[in-house]
Amino acid sequence: MEALNYDQIIKGLKENFRQSIELEIHQQLSSTNTYLSEKALISDTNICFAQSQTAGRGRRGKEWVSPDKSNLYFSIARLFKMDSSALSGLSLAVGLTLAETLQGYCAKKIGVKWPNDLLVDNKKLSGILIEIKSQNDGNCKVVIGIGINIDMTAYEAENIDKPYINLNQCDLYNPLLQNELASNLLNNLLSALDTFTQFGFKAFIDKWNALDVWLNKSVILTLGNKEFEGVHNGIDARGGLILNVDGERSSWTSGEVSLRKSEL
Ligand code: BTN
């Protein structure tokens, strides 16, 4: 795959974003999330890509396999002038925006799975890791990390323990131009972050429900070592999953969902 190129990515950005971001491209980092978490923000929005990561991090302490130039790995750091409780739907807004953007490149249907996976044929295409640091002034520094599988070989992916898929296996309309894809993703993600700041997650609910692969299906929600079985009834205004257990609905803001066996 072509190497990431600073000038090409910047050229593809909308003028207003070009003025307000700081972009860095690295050959290798331990993790783009770790890098931006430790760095002081030097502009509205700091963005960092790496061609490979030596200690890529997934959710729940898992490793994110990050071979050289086979995938996209990047993070966006921004200060949100709101309390961390107002940020609960942010990862869903990001996932939805990623799914909509990537859908423009391929014929296979990309769906979203609560809280923040992108799935194609039930295999994971992309993952999102959001890390929030509350500051003393009441604001939050948020680092949004995104990994998209693009062209990994089976050998490179041998440590991945769940089904995964590359964007290149999703019936692409045209050969991928990685820098164009990077600019397009940034344009759409930065607009979505602005919309989220202004209106919150409610601006995204309907679009999320339209792409949610397990909506109205029987699911198992796992929280720690507890399991709750019910029907997934959609997402609420805070990004919580509404679980209907025998007619009683409750909303969950964290946990892992899996499909109940009978529906697999
Ligand atoms: C998941 O477990 O689904 C989340 C994966 C997030 C991976 C990305 S790759 C870029 C950024 N840097 C990291 O170390 N992790 C995120």
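## The loop between strands 10 and 11

D246 is found in the loop between strand 10 (241-245) and strand 11 (248-252). The model is a predicted one, and in it phi of D246 is near 50°, a positive value in a residue other than glycine. D246 counts as exposed because its relative accessibility is 82%, and the cut-off for that class is over 50%.

## Other backbone geometry in loops

R60 also has a positive phi, of about 55°, although it is not a glycine. The residue lies in the loop between strand 2 and strand 3. Is R60 buried or exposed? With a relative accessibility of 54%, R60 counts as exposed, since the class begins over 50%.

A cis peptide bond runs from W114 to P115, with omega near 0°. P115 belongs to the loop between strand 4 (111-113) and strand 5 (117-120).

Strand 1 (residues 21-29) and strand 2 run parallel and are joined by eight bridges. Within this pairing, E24 stands opposite C48 in strand 2. Strand 2 (residues 45-53) is in turn joined to strand 3 by six bridges, and these two strands run antiparallel. A50 has Y73 of strand 3 as its bridge partner.

How many bridges join strand 3 to strand 7? There are ten, and the two strands, with strand 7 covering residues 140-149, run antiparallel. I76 stands opposite I144 in strand 7.

## Burial of strands 2 and 3

Strand 2 is largely enclosed by the rest of the structure, because nine of its nine residues are buried. Strand 3 (residues 71-80) is mostly covered, with nine of its ten residues buried. A residue counts as buried when its relative accessible area is under 20%.

The space taken by the ligand is the largest pocket. Which elements give two or more residues to the shell around the ligand? They are helix 3 (32-38), strand 3, strand 6 (123-134) and strand 7. Strand 6 provides the largest share of that shell, four residues.

The ligand is surrounded by 18 residues, of which S31, Q53, R57, R59 and K124 are the closest. Polar backbone atoms take part at R57 and R59: an oxygen atom of the ligand is 2.7 Å from one in R57, and an oxygen atom of the ligand is 2.7 Å from one in R59. At K124 the polar atom belongs to the side chain, and it lies 2.6 Å from an oxygen atom of the ligand. Taken alone, the ligand exposes 420 Å², and the protein buries 97% of that.

## K124 and N149

The backbone oxygen of K124 lies 3.2 Å from a polar atom of the side chain of N149. Is N149 buried or exposed? N149 is buried, because its relative accessible area is 4%.

## Separations along the chain

I165 is found in the loop between strand 7 and helix 5 (178-199). With a relative accessible area of 4%, I165 is buried. I165 and I148 are 17 residues apart along the chain, and their C-alpha atoms are separated by 9.5 Å.

G12 is found in the loop between helix 1 (6-11) and helix 2 (15-20). Its relative accessible area is 35%, so G12 is partly exposed. What separates the C-alpha atoms of G12 and E180, 168 residues apart along the chain? The separation is 6.6 Å.

Terms used. Residues are numbered from 1 along each chain as its sequence is written. This is a predicted model: local features need pLDDT of at least 70, side-chain atom pairs count only at pLDDT 80 or more; totals for chains, interfaces and linings use all residues. Side-chain values use heavy atoms; hydrogens and water are left out. Buried means under 20% relative accessible area, exposed over 50%, partly exposed in between (1.4 Å probe, protein chains only). Two strands pair if DSSP finds at least two bridges between them. A residue is near a molecule or strand if one of its heavy atoms lies within 4 Å of it. A polar contact is a pair of N or O atoms within 3.5 Å; within protein, one must be able to donate a hydrogen and the other to accept it, and residues adjacent in sequence count only if both atoms are side-chain atoms. Accessible areas come from the Shrake-Rupley method with a 1.4 Å probe; for residues, only the protein chains shown count as cover. On a 1 Å grid over the protein atoms alone, a cavity is a set of points where a 1.4 Å probe fits but cannot get out, and a pocket is an open set with protein on both sides within 12 Å along at least five of seven lines; lining residues have an atom within 4 Å of a point. A molecule sits in a cavity or pocket if more than half of its atoms lie within 2 Å of its grid points.
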